[in-house]
Amino acid sequence: MSKETKNNLIAVYSASKGVGKTWFAGILSQTLSILGKKVLFFDADGGIENIAYQFGLKNSDLYLKMLKNDITLNNAVQTCPNGHFDIICAKPAQNDLNAYPIGRSQILALDLKNFASNYDYVIIDCSNNNQKLKNILLHSASKIILIIEPSLKSSTGAYKELEQIKRISTNTKTYILVNHALSYTEGEQIFKTLLTADKQYIGSNPVYLGTIKQNGRIRDCVKNKTTLYDRYPVSESITEIKNIAQKLINEEN
C-alpha cells in the first residue's frame, strides 16, 4: 500500500475514566518513536490530565483556531521535548473539539487521515465526552485499542463498546489492553472472559494486545509530569510497553 493511501491511525480509548487511557497513548507514542518510528499524538480528549498536563506543555487555543480555519494541522504540531514525538493537543481540561459541529468533525478526521501520511503512526487519544466525534475517529482508524481494567464495571463497559465498534467500524482491527492488573494471568483471564462473550453475541473478534500490571511508579510519573523512560528507565512497565509496541510493529511487516 502506498504512503499516500495507507491508514496508520490508531485510536486509543476506554469505556470508563481512570483506566490509564491517556497515559498509555502517550507512552505508546514515546515507545514507538524510541523504536525508530515517526509518531504523531493527536489529543481528542482534552481532559484534566491530558497529554499537555502529563508532559507539562503550554498550548494556545489550537482547536478553536482550526475550527475557524485560521491554522491547519501542520501549524498545530509541536514536538514533545521529553518524548521525541509530535503532538497536536488542547489545553488541560479544555477540549475545544466539543465545539465542532459534526460536519466539521468529519472534515477534521479526513484532514488528519491525509496528514498522517507524514508519519508511521498517528495515535489518537479518544474521549467519551463527544460520542459523535469518537465514532467518527473510530471509523477512520485502522486499529482500535480498547483499554480495560480488572473490574466488573470496566468489563461490562468494554462489552458495550465492542457492540458499538461492530456497528460503526466493521473492518477495523480491535485490540484489548488490560491495565492495572495484579498479574499477567489475571489480565489474560479478563480478556478470555470478554472474548467468550464477544464470540457468542457480537463477533467483533478482538485481539489480546497485552497486560500492564499495577505499578505505583506510573502514577508517580503522571503526578510529577515526567515519563517512565526519564524516571524509571528499567522498570517492568517499560518492558511491557515495549512488547506491546513491538507487537504492533511486527504486524505491519
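Author: At 65% relative accessibility, glycine 18 counts as exposed. Bear in mind that this is a predicted model.

Reader: Which residues does glycine 18 touch, not counting residues up to four places away in sequence?

Author: Set aside residues up to four places away in sequence. What glycine 18 then touches is Glu149 and His180.

Reader: What separates the C-alpha atoms of glycine 18 and glycine 210?

Author: Along the chain, glycine 18 and glycine 210 are 192 residues apart.

Reader: Is α5 roughly parallel or roughly antiparallel to α6?

Author: Helix α5 covers residues 102-115, and helix α6 covers residues 131-140. Their axes come within 10 Å and cross at roughly 30°. Angles under 35 degrees count as roughly parallel, so α5 is to α6 roughly parallel.

Reader: Which residues of α6 meet α5, and what classes make up the contact?

Author: From α5 come Ile102, Ser105, Gln106, Ala109 and Lys113. They meet Lys132, Leu133, Ile136, Leu137 and Ser140 in α6. By class, the contact has five nonpolar, three polar and two charged residues.

Reader: Is the crossing of α7 and α8 right-handed or left-handed?

Author: Helix α7 (residues 152-168) and helix α8 (residues 184-201) have axes that come within 11 Å. Those axes cross at roughly 35°. The crossing of α7 and α8 is right-handed.

Reader: Which residues of α7 and α8 make the contact?

Author: By class, the contact of α7 with α8 has seven nonpolar, one polar and one charged residues. On the α7 side are Ser155, Ala158, Tyr159 and Leu162. On the α8 side are Ile190, Leu194, Ala197, Asp198 and Tyr201.

Reader: Is glutamine 164 buried or exposed?

Author: Glutamine 164 has its place in helix α7. Its relative accessibility is 15%. Buried means under 20%, so glutamine 164 counts as buried.

Reader: Which side chain does a polar contact join to that of glutamine 164?

Author: Leaving aside neighbours within four places in sequence, glutamine 164 is in contact with Gln131 and Asn135. A polar contact of 3.5 Å joins the side chain of glutamine 164 to that of asparagine 135.

Conventions
Residues are numbered from 1 along each chain as its sequence is written. This is a predicted model: local features need pLDDT of at least 70, side-chain atom pairs count only at pLDDT 80 or more; totals for chains, interfaces and linings use all residues. Side-chain values use heavy atoms; hydrogens and water are left out. Axes are lines fitted to C-alpha atoms, for helices over the stretch in contact, and angles run from 0 to 180 degrees between N-to-C directions. Helices (H or I, at least four residues) and strands (E, at least two) are DSSP runs, numbered from the N terminus. A crossing is left-handed if the near helix is turned anticlockwise from the far one by less than a right angle, and right-handed if clockwise. Contact means heavy atoms within 4.5 Å. Ala, Val, Leu, Ile, Met, Phe, Trp, Tyr, Cys and Pro count as nonpolar, Asp, Glu, Lys and Arg as charged, and the others, Gly among them, as polar. Buried means under 20% relative accessible area, exposed over 50%, partly exposed in between (1.4 Å probe, protein chains only). Angles under 35 degrees count as roughly parallel, over 145 as roughly antiparallel, 65 to 115 as roughly perpendicular and the rest as oblique. A polar contact is a pair of N or O atoms within 3.5 Å; within protein, one must be able to donate a hydrogen and the other to accept it, and residues adjacent in sequence count only if both atoms are side-chain atoms.
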